[in-house]
Amino acid sequence: MTSKTFFITGVSSGFGLALSREALAVGHRVIGTVRTDEARRAFEALHDEHAHAILLDVTDIDAIPDAVADAESRFGPVDVLVNNAGYGHEGIFEESPLNEMRRQFEVNVFGAVAVTQAFVPRFRERRRGHIINITSMGGFITMPGIAYYCGSKFALEGISEVLGKELRPFGVYVTAVAPGGFRTDWAGRSMQRSPRSIPDYDALFDPIRQARHERSGNQLGDPAKAAKAILTLVSLEDPPAHLLLGSDAISLVRDKLIALAADIDKWESLTRSTDG
């Protein structure tokens, strides 16, 4: 595999850390964003020469262009951008304040977009590059209690698909990688939860919250294997616009597409009634 330089946001844990470890293990260079000096030291301890950490919070939009310019000045041109930084919000829609939605989108959408905008001119001018946006099966399927999270991942899926069509003529690829359930901190310490307050939702949501808590750390997906899959992805000559990770993701998304096709067929006459 040809050695590449990766820029990965959010490398302190989860997919970001797993991908960094696998990339470093096979000879790639990794520039990772962290938010504390302690996390910087821990990341750079992964490899004496090829692990480089920069202090950056992706919600600090004004700091991103300079951080990207500094990274490329110090470590050379980036080949692969991985927008991994993000978190999950759990809460019944009616119980979840609007400011929690704003925070969810600031990190999961606006942060990813701002980092991408800093790299796009560089990739376009070099006529090469690969942008990988870590989305979620929650960008295709939904379930009660994660409306804000699903909304953010649906948004990133759509933005990624459009951007891929715009950049493909320049030899730059964009892939939205949508994992299912993996053994990361997503449902654990990284999850932000709105307090429960309306008893009407207890019967619907309490079992879902309990099941998510019990599965945390016991999910089917192995982050190290996800990292290997992403390294395979970036080695492809013609990478896909979308990649699901995990058998749960492929099963649930297929079910969603079947249900969607059935709805389209069922209401086709009403749909067509608006023509002319």
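What is the handedness of the crossing of helix 3 and helix 4? The crossing of these two helices is right-handed, a crossing being right-handed if the near helix is turned clockwise from the far one by less than a right angle and left-handed if anticlockwise. The structure is a predicted model, in which local features need pLDDT of at least 70 and side-chain atom pairs count only at pLDDT 80 or more, whereas totals for chains, interfaces and linings use all residues. Residues are numbered from 1 along each chain as its sequence is written, and side-chain values use heavy atoms, with hydrogens and water left out. Helices (H or I, at least four residues) and strands (E, at least two) are DSSP runs numbered from the N terminus.

Two packed helices are described by the angle between their axes and the distance between the axes. Axes are lines fitted to C-alpha atoms, for helices over the stretch in contact, and angles run from 0 to 180 degrees between N-to-C directions. For helix 3 (residues 64-75) and helix 4, the angle is about 45° and the axes are 9 Å apart. On the helix 3 side, I64, P65, V68, A69 and E72 meet G111, A114, V115, A118, F119, R122 and R126 of helix 4.

Helix 4 also packs against helix 5, at an angle of about 20° and with the axes 9 Å apart. The two helices are therefore roughly parallel to each other. The contact (heavy atoms within 4.5 Å) involves residues of helix 4 including L98, M101, F105 and V109, and residues of helix 5 including Y148, S152, L156 and L163. Helix 4 passes helix 5 in a right-handed crossing.

Helix 5 (residues 147-167) has 21 residues and reaches 30 Å from its first C-alpha to its last. This span is close to the 30 Å expected at 1.5 Å a residue, the expectation being 1.5 Å times one less than the number of residues. Among the buried residues of helix 5 are Y149, C150, K153, E157, S160 and L167; buried means under 20% relative accessible area, exposed over 50% and partly exposed in between (1.4 Å probe, protein chains only). The buried residues of this helix pack against strand 5 (89-90), helix 4 (98-126), strand 6 (129-134), strand 7 (172-179) and strand 9 (242-245).

S194 is found in the loop between strand 8 (192-193) and helix 6 (202-215). At 1% relative accessibility, S194 counts as buried. Its side chain is joined to that of H89 by a polar contact of 2.8 Å, a polar contact being a pair of N or O atoms within 3.5 Å; within protein, one must be able to donate a hydrogen and the other to accept it, and residues adjacent in sequence count only if both atoms are side-chain atoms. Leaving aside neighbours within four places in sequence, the residues in contact with S194 include H89, E90, E95, E100 and R209.

Three further loop positions are partly exposed. D60, in the loop between strand 3 (51-55) and helix 3, has a relative accessible area of 39%. D60 and A114 are 54 residues apart in sequence and 9.3 Å apart in space, C-alpha to C-alpha. L236, in the loop between helix 7 (223-234) and strand 9, has a relative accessible area of 41%. R127 lies in the loop between helix 4 and strand 6 and has a relative accessible area of 47%. R127 is not a glycine, yet has a positive phi of about 60°.

Note on methods: Parallel < 35°, antiparallel > 145°, perpendicular 65-115°, else oblique.
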